[in-house]
Amino acid sequence: MSDRLTVSKTYKLYLGGAFPRSESGRTYPVTDARGRFLANAAQASRKDVREAVVAARAAFGKWSRATAYNRGQVLYRVAEMLEGRREQFCAEVAAGEGVPAKRAAALVDAAIDRWVWYAGWTDKVATVLGAANPVAGPYFSFSLPEPTGVVGVLAPQGSSLLGLVSVLAPVIATGNTAVVVTSQDRPLPAVTLAEVLATSDVPGGVVNVLTGHTAELAPWLAAHADVNAVDLVGAPQELRAELERAAAGSVKRVLRSAEPDWTAEPGITRLRAFLETKTVWHPMGV
Amino acid sequence: MSDVQTTAAPPEFADATRDDTALRRFLHGLPGVDQVGVEQRAAGLATRSIKKDSKLWAIDTAISMVDLTTLEGADTEGKVRSLCAKARRPDPDFPDVPQVGAVCVYPDMVATAVKALDGADIGIASVATAFPSGRSSLSIKLEDTRMAVEAGATEIDMVIDRGAFLSGKYMRVFEEIRAVKAACGSAHLKVILETGELATYDNVRRASWLALLAGGDFIKTSTGKVSPAATLPVTHVMLQAVHDWHAATGEHRGVKPAGGIRTTKDAIRYLVAVHEVAGPAWLDPHLFRFGASSLLNDLLMQRRTQLAGHYSGPDYVTVD
Amino acid sequence: MTWDYAPAPESRAIANLKPSYRMFLDGQFVEGGGEPLKSVNPATEEVLAEVSTASAADVDRAVKAARRAYDKVWGRMPGAERAKYIYRIARMIAERARELAVLESLDNGKPIKESRDVDVPTASAHFFYHAGWADKLDYAGYGPGPRPLGVAGQVIPWNFPLLMAAWKIAPALACGNTVVLKPAETTPLTALVLAEIIQQAELPPGVVNILPGAGDVGAELVNHPGVDKVAFTGSTEVGKVIQRSLAGTGKKLTLELGGKAANVVFDDAPLDQAVEGIVNGIFFNQGHVCCAGSRLLVQESVADELLAKLRTRVSTLRVGDPLDKNTDVGAINSGEQLARIKELVASGESEGAERWTSPCPVPEKGYFFAPTVFANVSQAMRIAREEIFGPVLSVLTFRTPDEAVAKANNTPYGLSAGIWTEKGSRILWMADRMRAGVVWANTFNRFDPTAPFGGYQESGFGREGGRAGLEAYLDV
């Protein structure tokens, strides 16, 4: 036992590759599962949502056109970096979710493995979901999945790391960029994950992480006309219908599936949810 | 065909024919032709339904555009004479049937045709230039042409050197057409591209422009000796070429599909294409011809059907 | 020399037009409780037939019938058996193709050559294609034993009445759902003949119900609590209303909405075929096409040449009697739509675009609008942003590929796009950058049941056709 005072971390937002405080200057206290103070988190505002969407949109062009191989390597690199900071995540998950160390470690391991799973999907999803369409005419027609665009993610409230990774990784694996509103009460692993992302070759703006009050931020995200899709998995039940209505304003794609067992194999439902199918036709002639 | 006067390579295109490189650059700079697109357009226009008066008009117009043709090794003076008789009076029972545009024969039969058509306002077309393959020396081709012209041919149907064209020797083809044109004197020149050997619509468009630049009065699809001969989409490309030529120069040049057009239905499809691709001005025997032989009788039969209101039969039109 | 094609009308008698049509509910043709509507021939403004419409109670009965059919028969029927029913429908549409084509042209105003050569054969093909999926869903890539959703409430537009019904019904049935479909108010007739075919094909009662009516019937249907799945094709405005109204209900929704497609012509394009593609892109079906190529983006270096060719070509389009086999552009579907087109065209003129309208003769009676091309259009004008849904083309120019992409994508819509260039790598570069669900390169307005169709952004979500289209009707 050392008597040295530890240097504690300031938990900030992650916007466009930088770690700013909320433009509002607000913070809120985050406690562990038993109510003991852990840290102050930035309490993002609607203007932070706006900045995050701008950053995500700016990053979309390059990220969506990066080769699938490249995206796979970046996602795999996230797993590597996460592995390197495993102990820190174990501690944060254990504290935030109030689970025993062993359970926390299992959740962190699953989160690392989930990055690996999705890293491998980047360059397979087009093969699995794309098609050569045997049209009745002298044309070659093919269909390819393409990223939807900027995806607003309301991260699960309970599963602060594994749940978060399970909803974030499929969004960016296929080339979307994300604005994530973290678990309101358990935001710390998300901020630490942002630090991992920042050092894992994920280009700035591809993932933007907002901590704060979900009910305050979600309506702005759902209504933002430059957001193409939203994942409502972490939305409070009583807000869901309102968020869906807001999303209709710009015909957003809305993923509203109930929270699954995050430890189960995820399948490709979440990959599919934020993909468009583009069909291209060209005549065949000489 | 007196109202079409062709001068080779108008000033707009003087640069294009300056040298081999310029000519190649010009021809390869023409917009491409998308096969599927042009074939679809041709198929779409082919669904036009031409009925009643408009059909009768089309039949008479088509008759007046027929280059009644015999190009056989077995041709004789007798055969040519009877062809000419048919050309003068296509349907003896109906004197109001128009005469055909021309008869088309080999050079050695021109004199016979001239005699048989004496006094009639019917063109005498002769194939020349080592038809159909064109595989001979330029001097032979020119001699062939002069022979036909001297015998009285008013129209010369020459073949281009497809070998030279396909190997990219455009200037050689160009100069050969120019030379033949000169040998034609006042006779009109139809330039046979033999599209069946050119393989692509891009080549058809380039060959069309090459022939127009060189002074061809008509561009003609085929010799009739190579399959495929005339097709609707090929003719579309050529009609578009003369349309564009007119838009650029103000000159009208003609188109002649030849080979494989046997029925009235086919002929009307071609006329619809003439009407809607080149334009109404081309619905004129001076600007559009059919190279055909059996087509005429089908036109005559359909004409009788239109007038009588019941179907006619092959025994009611003369076989020559 | 003038050559006027004599009128060549398809016989109206082939349509077997009846004075009145009834809705199809639970396997029977019955009177609806709603105020009957009169379906009008837009080419003559005459009433074609009286059509019964559904009341709220009818919608309820239809949804319940569909539920019963789903629970008792269709939802548990082996896929191979469902397939055979759907194949039957495909065949019977083909058998009655000419009748359906003439009826469609009468009711909708589209030229017979289109209803005959596109709408009806493609509708039949759509059933034929999807029939084959019914017993192969395990192989569709959605995991083993994908389940249907239940009752599908479907609302379709008036621009392709029969074809849209096919696009909706065929995949729903193949996946094991039952259907309540509302055809458009102005074009209900062919859907009701399709109902007759469905009856003759002996589909179990309640599997397909067809309820004519106006928007209120559609609203009643999509909001009915017994509906598990809603599919809508129509305007973005109504699509948003539906998406909003379904919020929180858990119903699965797919939307195929409006568009303002860019048709991009580069200077190395096959120009004559590009002209054809432009004409087909905007004048096909009078421009009543959500994926119409309504914005022509042409590279400045060929703009003059292309526009000259385009005007020449558009001048040859024959506007008139939809039943005439030589008609290229038929009647605008309704007086209301015609008024909207005129209003937008007037805005184009007042905003300073240069209008050119084909000098073609236009019938005095009926709803017609001559093909119109606006040059010198800028992105800010309404005619460059709003869906006109009529035979009106807006022409803009660009200088570089990047500018073309920027202008093409500068719209909240994203349904389709066209690219014309002979350079292969540029086609793929452009296709990659177009934010649109369907990209036609060196062609336009091609449709096939095997090729997924649907939009990005405000053009809707979900796909119709192909393997991807099945997702809309499966619980996956």
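Predicted model: local features only at pLDDT ≥ 70, side-chain atom pairs only at ≥ 80, totals over all residues.
Local features need pLDDT of at least 70 and side-chain atom pairs count only at pLDDT 80 or more, while totals for chains, interfaces and linings use all residues. Residues are numbered from 1 along each chain as its sequence is written, and chains are lettered from A and ligands numbered from 1 in the order in which they are written.

**View 1. An open sheet in chain A.** Five strands line up in the order 7-6-5-8-9, with parallel pairing. Strands (E, at least two residues) and helices (H or I, at least four) are DSSP runs numbered from the N terminus, and two strands pair if DSSP finds at least two bridges between them. Strand 7 (207-210) and strand 9 (253-255) of chain A each have a single partner strand, so one side of each has no neighbour in the sheet.

**View 2. Strands 5 and 8 of chain A, side by side.** Strand 5 (residues 150-154) and strand 8 (residues 229-231) of chain A pair in the parallel sense over three bridges. Look for A:Gly152, whose bridge partner is A:Val230.

**View 3. Where chains A and B meet.** Five residues of chain B are in contact (C-beta atoms, placed from the backbone, within 7 Å) with five residues of chain A.

**View 4. Helix 3 of chain B and its surroundings.** Helix 3 (residues 52-64) of chain B has 13 residues. Among its buried residues (20 or more other C-beta atoms within 10 Å of their own, with C-beta atoms placed from the backbone) are B:Ala58 and B:Ile59. The buried residues of helix 3 pack against strand 1 (66-69), helix 12 (264-278), strand 8 (290-292) and helix 13 (295-308) of chain B.

Methods: Contact = placed C-beta atoms within 7 Å. Expected span 1.5 Å × (residues − 1). Buried ≥ 20, exposed ≤ 12 C-beta atoms within 10 Å, placed from the backbone.
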